[in-house]
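Trainee: I would like a close look at a single part of this model, and then at how that part relates to the rest of the chain.

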Amino acid sequence: MHLTKSALAPIGGSLVAAGLLFLSFRRYDIVLLLAALFVAAVVLAAVSRRLRSAAIVLASVLFALCVAELVIPRLPGNGDGSHRDMTTGYTAGGYFDKTDPVVGVKARPGSFDSALISDHGEEIYRVVYEIGADGYRRTPGDDHPTINVFGGSFVFGEGLNGEQTLPYALAQATGRGVKNYGMHGWGLHQPLALMESGELAKADINVILTAPWHGGRSACKPVFSIGTPRYVVRDGHATRDGKCTGLTGYSVLDRVLDRSSVARLIRQAVFGGDAITRDDVALYLALIARIGEVSRERGQRLIVGFIRATEKDLSGSGYTNDEILAAIGRHADAAIDLTLAAKRELLESGYYIHRLDQHPSGLANRVRAEKLRPIIDTLQ
């Protein structure tokens, strides 16, 4: 059968749209997704007289959205940013295991390099993450730990080599074996699920480094919470209730939309973005209460290291940092403010990696370890 040029054009356009759609989901790229839909709308306008007007309107809207996604990040006031080196093992080497039945997401065993670059070409950090066979970062003495440390990227040591992390500093300060149960993006729901599963080291002391923004993570708000254990508050208690799902219910689509500047603006305007709510804090405190219960059931002592949120972040929650810290103290054997400043906004630059990446520096971790050491000695 002979195909004319007019017949080949829609076929070619459809193949282009399919290719762009495939790449958009593979790379979680919202611009490629909009471009794929734009091409599909143009093809529809070309082949269907009945739908031509609607397809042209749709194509115009998609084109405008595509332009907006490209322009918004570059508008004055958005400031400079950073990006990961996409050639490192962290980004290109299959670093994350998103199928863990207990916590949902952790790392794969191995050695992975990671680097962060400013948009102006400055290297912010270049480090190596050594991950053990169990999917957690290695620390000296972690084969037989007496201290388990739980948390997100602050505990893991985002942007730091192994000897700069908090668990390493704590092992050096106390002379004890310390297990690093920190992972990028974790809240309080993963540590609790890990404790309830029994799949963790039998240690004498559990240490949690946490901040109020973990409430939003535990409430399944960020896209990186998809697939992690979900907890809800029932009768004042944290209760397991399946797994976190995204806004659309389709993991890949939710991850693509998470890269959208337009969607972020809408989310901020309509839903308040990542603002910490009263319900977030209620869940956060219920999770800490349950972690305290499980620790006691396991014959372990619980220490909670608290990092203050900014006053702006807490403005819609109805709570202050001091009120949250006081509530935490009622559920733990010890609670200590580890912000290293009277307010998070006043934290000295030496305590974080870089102005474009405010994860804790090695110095901050050493200072926090020294603050935790006498409490650990007292509880032993």
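Trainee: In which loop is Arg49 found, and between which two helices does that loop lie?

Mentor: Arg49 sits in the loop that joins helix 2 (30–47) to helix 3 (52–71), where helices are DSSP runs of H or I of at least four residues and strands are runs of E of at least two, both numbered from the N terminus. Before going further, note that this is a predicted model, in which local features need pLDDT of at least 70 and side-chain atom pairs count only at pLDDT 80 or more, while totals for chains, interfaces and linings use all residues. Residues are numbered from 1 along each chain as its sequence is written, and side-chain values use heavy atoms, with hydrogens and water left out.

Arg49 counts as exposed because its relative accessibility is 75% (exposed means over 50% relative accessible area, buried under 20%, and partly exposed in between, with a 1.4 Å probe and protein chains only).

The crossing of helix 2 and helix 3 is left-handed, in the sense that the near helix is turned anticlockwise from the far one by less than a right angle, clockwise being right-handed.

On the helix 2 side, the residues that meet helix 3 include Ile30, Leu34, Phe38 and Val42, and among their counterparts in helix 3 are Arg52, Ile56, Phe63 and Glu69 (contact means heavy atoms within 4.5 Å). The residues of this contact comprise 19 nonpolar, no polar and two charged, with Ala, Val, Leu, Ile, Met, Phe, Trp, Tyr, Cys and Pro taken as nonpolar, Asp, Glu, Lys and Arg as charged, and the others, Gly among them, as polar.

Val233 lies 184 residues from Arg49 along the chain, and their C-alpha atoms are separated by 54 Å, in a chain whose C-alpha atoms fill a box of roughly 85 × 45 × 40 Å along the principal axes. Val233 belongs to strand 9 (residues 229–234), and with a relative accessible area of 39% it is partly exposed. Leaving aside residues up to four places away in sequence, Val233 touches Ala282, Leu283 and Ala286; for Ala282, the separation is 49 residues in sequence and 7.8 Å in space, C-alpha to C-alpha.

Seen as a whole, the chain has 14 helices and 14 strands, and buried residues make up 48% of its 380 residues. Of the contacts with a separation of 6 or more, 70% join residues 24 or more positions apart. The largest nonpolar core has 48 residues, and those touching the most other members include Tyr95, Tyr129 and Tyr284 (such a core is a set of buried Ala, Val, Leu, Ile, Met, Phe, Trp, Tyr and Cys residues joined through side-chain atoms within 4.5 Å). The elements that give two or more residues to this core include strand 4 (110–118), strand 5 (123–131) and helix 13 (321–329), but the largest share, nine residues, comes from helix 11.
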